[in-house]
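Here's a quick briefing to read alongside the model. Have the sequence and the 3D view open as you go.

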Amino acid sequence: MRSPAVATVVVSASLLVLGAVPGGGRPLPARMADTGGGTQLITAVAARADSTTGTLTWWDLRNEQWVRAGSAKARFGANGLVEGASRKQGTSTTPTGLYHLPYAFGIKGAPGGTTYKYRPVREGSWWCQDNASRSYNRWSEPRAGDCRAAESEHLITYEKQYAHAMVIGFNYTEPVRGRGAGIFLHVHGRGATAGCVSVPADAMRRILRWARPDDHPHIAIGTTSGRTAITRY
């Protein structure tokens, strides 16, 4: 029979592995309204809607329990977070919600062990953010004739941020003009983002090695409570 002290340590360790909240709470994904239907999930959580920093955690569903696979400090938009359905382009806000992850990309080659679809960034690689273009919120290579350079991102110029990245499926399947384009999970820059979610370079590489397309990973972005609480998604 374990001593009370040993038993306490074992229970605490179990909670840590599962990512549970101290006091017997369930892991965050188990408290969410939806996790996307797959067996992998990324959660990006800020304390408040006006926060520019928070925590990103990636999870695996094993034997019907969500287990934390890793975590890292995250950065959000310079103007905080806002409900994805009401977001406006150019506001430097990160959209909250639950989104699929269409594919990964990068200026550098895919980290060893990556199985996710990975698109290399070349000199002619652009992300079109021009609301008047038929290529709005899409990779454009070469840049489409109706997509103005001034209204788009020349991906190769973001050498640090886009060394490795994943497309976040915000406003992606059926793009709504003016809602926003080019929302990614990428490597930290100097500070807060223009609306993306960023993590340290090592964490981004770990996520790419972890993500498995057959497990249909999604990303949920939100706050700890309030109207944009991550548990609502």
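Predicted model: local features only at pLDDT ≥ 70, side-chain atom pairs only at ≥ 80, totals over all residues.

Residues are numbered from 1 along each chain as its sequence is written, and side-chain values use heavy atoms, with hydrogens and water left out.

- Helices (H or I, at least four residues) and strands (E, at least two) are DSSP runs, numbered from the N terminus.
- Buried here means under 20% relative accessible area, exposed means over 50%, and partly exposed is in between (1.4 Å probe, protein chains only).
- Strands count as paired if DSSP finds at least two bridges between them.
- β1 pairs with strand β2 (residues 53–62) in the antiparallel sense, over 7 bridges, and Ile42 stands opposite Trp58 in β2.

**Salt bridges**

- There are 9 salt bridges in the structure, each defined as a side-chain nitrogen of Lys or Arg within 4 Å of a carboxyl oxygen of Asp or Glu.
- Asp60 and Arg212 meet through their side chains in one of them, at 3.3 Å, N to O.
- Asp60 sits in strand β2 and Arg212 in the loop between α2 (201–210) and β14, so this pair ties together parts that are 152 residues apart in sequence.
- Asp60 is buried at 5% relative accessible area, whereas Arg212 is partly exposed at 36%.
- Asp60 and Arg212 also belong to a salt-bridge network with Arg62 and Asp215.
- Arg232 and Glu83 form another side-chain salt bridge, at 3.4 Å, N to O.
- That pair links distant parts of the chain, 149 residues apart: Arg232 is in the segment after β14, and Glu83 is in strand β4 (residues 81–83).
- Both partners are partly exposed, with Arg232 at 47% and Glu83 at 25%.
- Asp50 pairs with Arg48, the closest N and O atoms being 2.9 Å apart, and Asp50 is exposed at 52% relative accessibility.

**A loop proline**

- Pro175 lies in the loop between β11 (165–167) and β12 (184–187) and is partly exposed, at 28% relative accessible area.
- Leaving aside residues up to four places away in sequence, Pro175 touches Tyr136 and Arg138, where contact means heavy atoms within 4.5 Å.
- Asn131 is 44 residues from Pro175 in sequence, and their C-alpha atoms are 9.7 Å apart.

**Cysteines**

- The structure has 1 disulfide, a disulfide being a pair of cysteine sulfur atoms within 2.5 Å.
- Cys128 and Cys147 form it, with their sulfur atoms 2.2 Å apart.
- Cys128 is in strand β8 (residues 126–128) and Cys147 is in the loop between β9 (138–140) and β10 (152–154), so the pair ties together parts that are 19 residues apart in sequence.
- The torsion about their S-S bond is about 120 degrees, so the disulfide is right-handed.
- Cys128 and Cys147 are both buried.
- Cys196 is also buried, at 6% relative accessible area.
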